[in-house]
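Welcome! Please take a look at it first, and then read on.

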Amino acid sequence: MGEHDRLVVDYKLLGSSKTNLRDINKALNDIDKHRDDIHDIWGHDSIAGKMDQFVSNWDNYRRELLENVKDLSQHVETALTSFEKLDLDLKNASEKRRGQKGGD
């Protein structure tokens, strides 16, 4: 088998992706906590009203984004778990094969 016939899985990248997606999820969820904190800084009611409208629109997009982040996070977790299991299964099969050849 040549170099290009192999699947190389970057466990470090998958692990950091999992962590980054968790952090993104947390940050997007924590935005609600800051909404009321900044309401008073807009001053004039018409500006505050427009910002409230913007925030409401953003909430709709944020919910969609959170769903996408959640889905992607689940896919990364599944890939990581599956590749780790596959690696272990291949290692065990290889060791078993070597043990059978050595016992002949």
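Predicted model: local features only at pLDDT ≥ 70, side-chain atom pairs only at ≥ 80, totals over all residues.

**Getting to know the chain**

The chain contains two helices and zero strands, and its 104 residues include a buried share of 12%.

**L14 and its surroundings**

- L14 counts as buried because its relative accessible area is 18%, and the cut-off for buried is under 20%.
- Leaving aside residues up to four places away in sequence, L14 touches V9, V76, L80 and F83.
- How far apart in space are L14 and S73, C-alpha to C-alpha? The distance is 10.0 Å, although 59 residues separate L14 and S73 in sequence.
- Across the chain, among contacts with a separation of 6 or more, 85% are between residues 24 or more positions apart.

**The nonpolar core**

- Which residues make up the largest nonpolar core? There are five of them: L14, L21, V69, V76 and L80.
- Both α1, which spans 11-38, and α2, which spans 45-102, supply at least two residues of this core.
- Helix α2 gives the most to the core, with three residues.
- V76, one of the core residues, touches L14, S17, K18 and L21, again not counting residues up to four places away in sequence.

**A buried charged residue**

- D59 lies in helix α2.
- Is D59 buried or exposed? D59 is buried, because its relative accessible area is 9% and buried means under 20%.
- The side chain of D59 makes a polar contact with the side chain of R62, at 3.2 Å.

**The largest pocket**

- The largest pocket has a volume of about 190 Å³.
- Ten residues line this pocket, and the closest to its centre are L7, V8, L86, D87 and L90.
- Helix α2 provides the largest share of the lining, with four residues.
- What classes of residue form the lining? Eight are nonpolar and two are charged, with no polar residues.

Methods:
Residues numbered from 1 in each chain as written. Heavy atoms only, no water. Core = buried A, V, L, I, M, F, W, Y, C linked by side-chain atoms within 4.5 Å. Buried < 20%, exposed > 50% of the residue type's maximum accessible area, 1.4 Å probe, protein only. Contact = heavy atoms within 4.5 Å. Polar contact = N/O pair within 3.5 Å; in protein donor to acceptor, adjacent residues only side chain to side chain. 1 Å grid on protein atoms, 1.4 Å probe; cavity = no way out; pocket = protein on both sides within 12 Å on 5 of 7 lines; lining within 4 Å. Points joined across faces, edges and corners; volume = space filled by probe spheres on them. Nonpolar A, V, L, I, M, F, W, Y, C, P; charged D, E, K, R; others polar.
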